Amino acid sequence: MTEDSEKRREIEDAIGKNNFNPMNDAIFKFIFGRNERKSIMVDFLNAVLEESLEHRITDIVYIPTEQIPLSSTGKTTRFDVACELDTGEFVDVEVQVVDHKNMDRRTLLYWAQMYSSRSYSGEDYGELRPAITINIVSFILDPRDPDKSPHSEYSAYKKTGWRLNNHLELHFIEIPKFVRAGRKPFRRMTRIERWMEYFSNRLNEQEKEELAMSDKAIGDAYAAARVFFKSPEETMKYINRELAAMDARSGLRAAREEGEKLGEERGEERGLKQGEERVLKLIQILAARNRSDDIARIMTDEEYRQELYREFSL
């Protein structure tokens, strides 16, 4: 049995035991991005935004997830799930399981794309409407940050603390910080804490049932997951996403190792960074061309990795 087959079998076994990764983007989009289940999305958004918004969200309209670039040479942006609130704000929700060390800049790009392309025709700045990004991540955004709160919000503030306006709002939900904080009874959790518990994927079957009983929207999310895995096509998407994430994490380890090697050869920190960037760029190129087998191969075959560097002039 190949390594890829073993990984696939492990994922299938986990699914059979009702143990799935809620942050897999295939199932996330199925549960949170479908009109027939938008009540789940509304509940989640209210949990995250209840303190920053001055109103309760009662309805949403989903918007296209693929955004046309602002120029002919621009990069096409694809949101995980995006919507317009009943009061006019635009919201993009992203799940990210692999730390590419660029999530802070990526969310700014997504915010800018949504802010400019969705609400501005080029005639009146008064047409611009607030845009919000919510990023659920399975890693620590910045280990140097002393803030232990798993939910953080960023906006445009003057040094004195005065807020410029409410048009820029970036949220990060760092699941590892939530997990590190320890456990408490579901009945003592806030709404956002219950959602973070759902995304943490650390509960056994009985605990999942208790969480579902304590929060109807989360119960609906678990029910939607059961529907998802009844579809062979959707299940295959899920498995392929999990395999891709495993390959990407392996790629990051290979990037680190190559960077360390290059750094040792050059005797400088810059070599470490250049080595990491080179491998990551190769992985991005291969992923864009759906060459997942090559991504797995470059993790262990340095000669083949060097061959691909030459092929793509890296």
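Buried here means under 20% relative accessible area, exposed means over 50%, and partly exposed is what lies in between (1.4 Å probe, protein chains only). The model is predicted, so local features need pLDDT of at least 70 and side-chain atom pairs count only at pLDDT 80 or more, while totals for chains, interfaces and linings use all residues. Residues are numbered from 1 along each chain as its sequence is written, and side-chain values use heavy atoms, with hydrogens and water left out.

On to the overall picture. The chain has 12 helices and 8 strands, taken as DSSP runs numbered from the N terminus (helices H or I, at least four residues; strands E, at least two). Of its 314 residues, 46% count as buried. Among contacts (heavy atoms within 4.5 Å) with a separation of 6 or more, 60% come from residues 24 or more positions apart.

Helix H6, residues 191-200, is mostly covered, with 10 of its 10 residues buried. The list takes in charged names too: Arg191, Glu193, Arg194 and Glu197 are buried along with Ile192, Trp195, Met196, Tyr198, Phe199 and Ser200. Just after H6, Asn201 takes a positive phi of about 55°.

Helix H1 (residues 3-16) is where Glu10 sits. Glu10 is exposed, with a relative accessible area of 53%.
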